[in-house]
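Hello,

Here is the structure I promised to pass on. Have a look at it first, and then read on for what turned up.

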Amino acid sequence: MENQKLLEIETAALAAIEKAITVAELNDVRNEYLSKKSELSQMSSLIGKLPTPEEKKEFGNALNVTRNKITSALEEKLTALQAEELNK
């Protein structure tokens with residue numbers, strides 16, 4: 001169930017990143033999905049509630065992969081938007 005939620009967050013974040021057309025909008029997306037109060041960060045607290053060390057490790061890894069995918073997409077989009085603004 002947690003992995004399904006991570007996939008939903010990742011899909012929504014990547015769609016929001018793709019939609020952003022300004023650096024300000026992209027920063028809003030970053031705040032929504034990567035801030036300390038984001039749903040993704042709140043899911044970190046679930047790790048301690050999992051019953052086995054293997055499940056904790058697996059979920060922690062999945063959480064990090066999701067966070068890294070979102071971060072990479074944000075950085076790529078930021079680079080593209082900055083280059084676009086320079087060419088105006």
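A quick term before the findings: a residue is called buried when its relative accessible area is under 20%. By that cut-off, 25% of the 88 residues in the protein chain are buried. Please keep in mind that this is a predicted model.

Now the overall layout. The protein chain has four helices and zero strands, so from the N terminus on its elements follow the order α-α-α-α. Along its principal axes, the C-alpha trace spans about 55 × 20 × 15 Å. Among contacts between residues at least 6 apart in sequence, 67% join residues at least 24 apart.

Next, the inside. In soluble globular proteins, nonpolar side chains tend to be buried together. The largest nonpolar core here has 17 residues, and I17 and I70 are the ones with the most contacts inside it. Two or more residues each come from α1 (2-19), α2 (23-34), α3 (39-43) and α4 (53-86). The largest share, six residues, is given by α4.

Leaving aside its neighbours within four places in sequence, I70 is in contact with I9, E10, A13, I17, Y33, L34 and L40.

The accessible surface of the protein chain comes to about 6000 Å², and carbon and sulfur atoms account for 54% of that.

Enjoy exploring!

Best wishes

Technical notes:
Residues numbered from 1 in each chain as written. Predicted model: local features only at pLDDT ≥ 70, side-chain atom pairs only at ≥ 80, totals over all residues. Heavy atoms only, no water. Core = buried A, V, L, I, M, F, W, Y, C linked by side-chain atoms within 4.5 Å. Buried < 20%, exposed > 50% of the residue type's maximum accessible area, 1.4 Å probe, protein only. Contact = heavy atoms within 4.5 Å. Areas by Shrake-Rupley, 256 points an atom, 1.4 Å probe, with all protein chains shown as cover.
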